[in-house]
Amino acid sequence: MSASDVIGIERLEALLRGDAPRTEAESARRELLSQLRGAALRAPEALRERVLTAAPARRHVAVRMPSRRLALIVLPAALGLAVAAALVHGFVGSGGKTVSHGGVAVPTVLRAKAQQLPAFGVAAGSGAAVPSATAPEQQLAPAVGSGGRLQHAEASLQVRVPDVNRLSTATGAATRIATSLGGYAQSVVYRTPQSGGGASYIELRVPAQNVRTAIARLAALGTLVSQQVSVQDLQHDFAVESAQIAQLRRTVAALTKALRNPALPEAQRVLLQIKLAETKRALSQRLHARTGTVASGTTARISLVLSTQKSIVPVAHHRGRLGRMLHGAVGFLGLEGTIVLYALIVLSPPAALAALVWGLARLRRRRDERRLLTA
Amino acid sequence: MNAVSTSLDAPAALSVRPGFAEVAAEQLDAVYRYLVFLTGDRSAAEDLAAETFEKAFRTWRRFDPRRGTPRTWLCRIARTVAIDWFRAETRRRRREETYARELAAAVDDAVFGDALSAPLEHALRELSPAEREVVALRVLLELDGPSAARVLGISQTACSTRLSRALRRLEERIGDVRE
């Protein structure tokens, strides 16, 4: 065994870096490295001229973006686009009451102090019993839910009561008014802080045909501070949704019939299945939207705030459109996922085969290179 | 010592992309030296170096200084060009049943360097192209371990092992010649 055998790879790397030799073998190895480096081998002038005259001296400023970095941009961008498309789809398909389907919104805002509304002229402290609205009161209440059309009514009432005792009894009376008219109290929040005073926040649902009576009776629970009533016509929405449902059902029937054909090519079958899934999802969404429209048109929403204080925080109505939009967006994202899954299923076998062929070719090339260079 | 400037080899040049002419002027000797060691034929190395720079010029747009030095990039191109040459030579040798490379080496006494000793020159000729290649990359061109391994398409450990074995064989051959 020669002395050079004892030079390990780490020491060899150290010698290449220029470290001092420690043994005689290392000295010999360093001498060899020095000889090799002193080979003084320079490119011939002819080659230099040939290469340098062919190479223009211009500088390239633009640096190509590495594929990995490109992927880091493209993938989030694609995801963002998918989410944005879903949101847009959800927004368009959320059944906007005033924009998307040309629904007629008829907001009626009536804000007045109780003294200026003799029609609701129930004096403060007029008793805790459930007040009954008289015929003139009903006539002066905003005309909502009329005309035989599908209309959605929302009302916000702010009523002041003299003290906490009256607040409690008025809260109970409000829920009784709703149930007596065929509705119900969706939520009741009753607060009486130690600092004094108190407030009740009550969300009521009453049948559309009884909303005028309900408003009149609720206003009579105390001193009416403010009142806001809005009415939206849903008839057009309902007609549009019904037409869309009919069209989607026809499409589903046609696609189902086409898929029964055994001679249908596989690629076309996959496309039709995707389209069928999308149509069914749209149909389900439209049915859900129409159910919501009908429910919205047959039930009025009343937000009542009973308070012992003059200043009352206004209660905002719940907006159902956001929920519908998010629901639609999630559905659309699911559809996008389905399409991607289908594409993966279809493309996976050829992609795997191509990867295998590429890997084998690379292996063979490497083996070939090794054979060539070790000969 | 290595006469080729290493100003463009350092990763410090990452942010500024040099011009092709500048790179060609700096790296020509290194690429030529690498090809001489790989092929063992100065004439072939000259042609292959020219082909390497032509190819590099065509693909210069794809060179990314953040992913490696110009020298490493050029050596990879040179290696591809040289392997094609080896394939063609093998086919030609099979046809003609002659060893042109050995003939060329016999005619030209100083293939690997004008200042090399005769025993070292002879010992280098006895190494395989793969062994001479790793010696050229690590010793002559002074590429670091990861860069040389990337040019060769092998792991860093395999590269170091191959270099160690090649140097040991060189020492053995030199010893044999002197004896």
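How many residues of chain B are in contact with chain A? There are 55, and they touch 42 residues of chain A; contact means that the C-beta atoms of two residues, placed from the backbone, lie within 7 Å. On the chain B side, α1 (20-39), α2, α3, α6 (129-140) and α8 (156-178) each give two or more residues. That side divides into 28 nonpolar, 11 polar and 16 charged residues. Nonpolar covers Ala, Val, Leu, Ile, Met, Phe, Trp, Tyr, Cys and Pro, charged covers Asp, Glu, Lys and Arg, and the others, Gly among them, are polar.

A word on conventions. This is a predicted model, where local features need pLDDT of at least 70, side-chain atom pairs count only at pLDDT 80 or more, and totals for chains, interfaces and linings use all residues. Residues are numbered from 1 along each chain as its sequence is written, while chains are lettered from A and ligands numbered from 1 in the order in which they are written.

Chain B has eight helices and zero strands; helices are DSSP runs of H or I with at least four residues, strands runs of E with at least two, numbered from the N terminus.

Now take α2 (residues 42-58) and α3 (residues 70-96) of chain B. Their axes come within 9 Å and cross at roughly 125°. α2(B) and α3(B) are therefore oblique to each other. Oblique is what remains after under 35 degrees (roughly parallel), over 145 (roughly antiparallel) and 65 to 115 (roughly perpendicular). From α2(B), the contact includes B:Leu48 and B:Glu51; from α3(B), B:Ile77 and B:Trp85 are among the residues. By class, this contact has nine nonpolar, one polar and two charged residues.

Terms used. Axes are lines fitted to C-alpha atoms, for helices over the stretch in contact, and angles run from 0 to 180 degrees between N-to-C directions.
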